[in-house]
Structures are given as C-alpha cells and as structure tokens.
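Hello,

Here is the structure I said I would pass on. Please open it next to this message; my notes follow below it.

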Amino acid sequence: MVQIEVVYALPERQWSVDLELEDGTSAEEAADVARNSEPLLWVDDLSVVAYAVWGVEVSGEHELKDGDRLELLRPLPISPVELRRQKAASQKN
C-alpha cells in the first residue's frame, strides 16, 4: 500500500485528500479515486488536464510511490505567453 496526498486548487480555494492505495496505482487511477472522495466529491468544476507529482508534470500512467503528492492540474484561463503580452502592453501605456 502507498499513502499519497491528492490536491486540487482554484484561485480562491484549495482541496486536499489523503489516500491509501494499492502499490502500482497510476496518477490517473488515483485521481479517479480522489474525485469520489471527500472533499473533492463536492467540487463543482473539477476539470483536470494534466497531473504533477511534487510540481513535476507526469503522465496519467505514472506509478505513484509512497509519500507522493499528486497535483491535479486545471486548464489555465489564459496562456502564459498571452498574459506576458498583455502585461507588457499595459506597462507601455
């Protein structure tokens, strides 16, 4: 068995759930279990586009290890490139 933490965050709120899963559980499988666990069960807009373990992006097939922190990554509302363009344009004015 492995003990992991699954986290999901929005700009205004964060959620975390501790899970005990079978050895060999993938990031995608752990995310499915977490979605059906308190408190993530009550998140209205739980859209996940990627996974990360301790801030490093991993595939859905990535095998989790004991003590891992699985981060469920949501889509960005604006691309980082576009955000930099907008910021540069506003600083010129």
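Which residues in the largest nonpolar core touch the most other members? This is a predicted model, so treat every value below as computed from it. The core holds 18 residues, and I4, V6, L19, Y51, L70 and L72 are the ones with the most contacts to other members. Five elements each give it two or more residues: β1 (2–10), β2 (13–21), α1 (27–35), β3 (50–53) and β5 (69–73).

Next, the sheet. It is open, has five strands and runs in the order β2-β1-β5-β3-β4. The pairing is mixed. On average, neighbouring strands are turned by 30° against each other, direction ignored. The helix α1 packs on this sheet and touches β1, β2, β3, β4 and β5. Its direction makes about 110° with that of β2.

The pairings, one by one:

- β1 and β5 are parallel, over four bridges. Here E5 stands opposite R69 in β5.
- β3 and β5 are antiparallel, over four bridges. A52 has E71 in β5 as its bridge partner.
- β3 and β4 are antiparallel, over three bridges. Y51 stands opposite V58 in β4.

Leaving aside neighbours within four places in sequence, Y51 is in contact with A27, E28, A31, V56, E57, V58, S59, G60, L70, E71, L72 and L73.

Two loop residues are also on my list. Are W54 and S26 buried or exposed? W54 lies in the loop between β3 and β4. Its relative accessibility is 54%, and the cut-off for exposed is over 50%, so W54 counts as exposed. The phi of W54 is near 50°, a positive value in a residue other than glycine. S26 sits in the loop between β2 and α1. Its relative accessible area is 10%; buried means under 20%, so S26 is buried. Not counting residues up to four places away in sequence, S26 touches G60, E61, H62, E63 and L64.

That is the list so far.

Best wishes

Note on methods
Residues numbered from 1 in each chain as written. Predicted model: local features only at pLDDT ≥ 70, side-chain atom pairs only at ≥ 80, totals over all residues. Heavy atoms only, no water. Core = buried A, V, L, I, M, F, W, Y, C linked by side-chain atoms within 4.5 Å. Buried < 20%, exposed > 50% of the residue type's maximum accessible area, 1.4 Å probe, protein only. Contact = heavy atoms within 4.5 Å. Pairing = 2+ DSSP bridges. Axes fitted to C-alpha atoms, helices over the stretch in contact; angles between N-to-C directions.
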